[in-house]
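Good morning. Please have the sequence and the model open while I talk. I will go through a few places one by one.

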Amino acid sequence: MRLEWVQLLEFRNYRTLNWQPSPRLNVLSGPNAQGKTNLLEALGFLVTGRSFRTPRSAEIPRWGTESTTLSGELCRAETHRTVRRGLIRLEDGTWQASGDSSPDWARVIAFGWQDLEIVNGGPAARRNFVDGFAARLQPNHVPTLLRFRRILARRNRLLQQYPHDAGRLAPWTEQFAAVGMELLGRRRKAVAALQTEIARVYAALASPGAKIEVRYVTALGEASEPEALVAALEQRHREEARRGQTLVGPHRDDLAIDLDGIDARAFGSRGQQRLIALALRLAEVLPVTEAAGTAPILLLDDALSELDPAVRTHVMREIQAAEQVFLTTPDVTTANGAAVYHVNGGSVAPA
Ligand SMILES: Nc1ncnc2c1ncn2[C@@H]1O[C@H](COP(=O)(O)OP(=O)(O)OP(=O)(O)O)[C@@H](O)[C@H]1O
Ligand SMILES: [Mg+2]
């Protein structure tokens, strides 16, 4: 898919912007604090209705304004759809979102500084990564995840309030196990789809011999039936009652990342960790393309930073094979066939 044109009104440091990007690689260059990341955020917001940068809508409208409007045209082959979104400040000071929903084939994969956390942060960052990817494969992953979180919170509350009331807990344990196993199954599928791609992508970006492996790690081993989760919870019941917490389930799982047989989360160099994070995002592209029936738009923020010149060249080669890509960089990068734009104080002009 591609964005044919976009219009921004009062989005972050953009007062007004009318822009027709290239259908392939767009390089957004310019000094710091000029609006490069803001523009990627706007493109992602237009397509998905969410910012990859912040969950707080109040940060998005240009300071001092009462509303933000984004519109643009999304295209897949010969299908064209105009999408419009807005944020309006209500009397009580909160911001209300409005607008169209995107077509069900619209997908964005964003990479940014926050993604380093996938590799060097805690397990929650890796679970979020897997859930985000699973949601791009199957949009109904999100309702399952929300249902799981609600049941988990309810079960934890019961464990705190009535730790020894087995009768009260039993129906929640059952629901927790059913939804938990559904979530686990989707995550396993997502990680399996990622495994082959990450091996190819990482070798293409780093060096042909580089070997990377990602594995979903769960206390439940290979089990896939809810009964296995119920049994595991029963085994830990005394400890659960004492701590007032659900101690087994997908909320405790992790993603192992081994580079040449060594745990990259603990031992990877900074450059290696950044490259793994980028490779994980790029490894999403093919499975998401297959699931959505069209290639996702790639939003790559500062993806070349901290990488050595040889690796940068590999990254440029890999992303030139993708469909529409937006890449920000504070350097002046020239790439074969790329449309290069200069971003300066909330305006975008061909370089
Ligand atoms: N809601 C807002 N309203 C107006 N300006 C904003 C708003 N939010 C952020 N900004 C401005 O946008 C600037 C940052 O823009 P952005 O993050 O896009 O920079 P950048 O070009 O990506 O820079 P870098 O190269 O450092 O990453 C900030 O310095 C801030 O002044
Ligand atoms: Mg930036």
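Is glutamate 10 buried, partly exposed or exposed? With a relative accessibility of 22%, glutamate 10 counts as partly exposed, because buried means under 20% relative accessible area, exposed means over 50%, and partly exposed is what lies in between, using a 1.4 Å probe and protein chains only. Glutamate 10 sits in strand E1, residues 2-11. Strands here are DSSP runs of type E with at least two residues, helices are runs of H or I with at least four, and both are numbered from the N terminus. The phi of glutamate 10 is positive, about 55°, although this residue is not a glycine. Most residues other than glycine have a negative phi.

Before I go on, a word on the source: this is a predicted model, where local features need pLDDT of at least 70 and side-chain atom pairs count only at pLDDT 80 or more, while totals for chains, interfaces and linings use all residues. Residues are numbered from 1 along each chain as its sequence is written, chains are lettered from A and ligands numbered from 1 in the order in which they are written, and side-chain values use heavy atoms, with hydrogens and water left out.

Glutamate 306 also has a positive phi without being a glycine, near 70°. Glutamate 306 is in the loop between strand E11 (297-300) and helix H11 (309-320). With a relative accessible area of 39%, glutamate 306 is partly exposed.

Next, the ligand. Which residues come nearest to ligand 1? Of the 17 residues around ligand 1, they are Ala33, Lys36, Thr37, Asn38 and Arg53; a residue is near if one of its heavy atoms lies within 4 Å. This shell divides into 5 nonpolar, 6 polar and 6 charged residues. For that count, Ala, Val, Leu, Ile, Met, Phe, Trp, Tyr, Cys and Pro are nonpolar, Asp, Glu, Lys and Arg are charged, and the others, Gly among them, are polar.

Some polar contacts can be named; here that means a pair of N or O atoms within 3.5 Å. Lysine 36 has a polar side-chain atom 2.8 Å from an oxygen atom of ligand 1. For arginine 53, a polar side-chain atom is 2.7 Å from an oxygen atom of ligand 1. At proline 61 a polar backbone atom is 2.9 Å from a nitrogen atom of ligand 1. On its own, ligand 1 has 650 Å² of accessible area, and the protein covers 77% of it, by the Shrake-Rupley method with a 1.4 Å probe.

Now the inside. The largest nonpolar core has 71 residues, and Leu25, Tyr202, Ile276, Leu280, Leu300 and Leu327 have the most contacts inside it. Such a core is a set of buried Ala, Val, Leu, Ile, Met, Phe, Trp, Tyr and Cys residues joined through side-chain atoms within 4.5 Å. Helix H5 (residues 166-205) gives the largest share of this core, 15 residues. At least three residues of this core come from each of domain 1 (1-107 + 297-351) and domain 2 (111-293), with bounds from an automatic or database domain assignment. In soluble globular proteins, nonpolar side chains tend to be buried together.

Last, two buried residues. Alanine 283, in helix H9 (residues 270-283), is buried at 0% relative accessibility. Leucine 247 is in the loop between helix H7 (237-243) and strand E9 (254-259), and leucine 247 is buried at 4%.

Notes
Polar contact = N/O pair within 3.5 Å; in protein donor to acceptor, adjacent residues only side chain to side chain.
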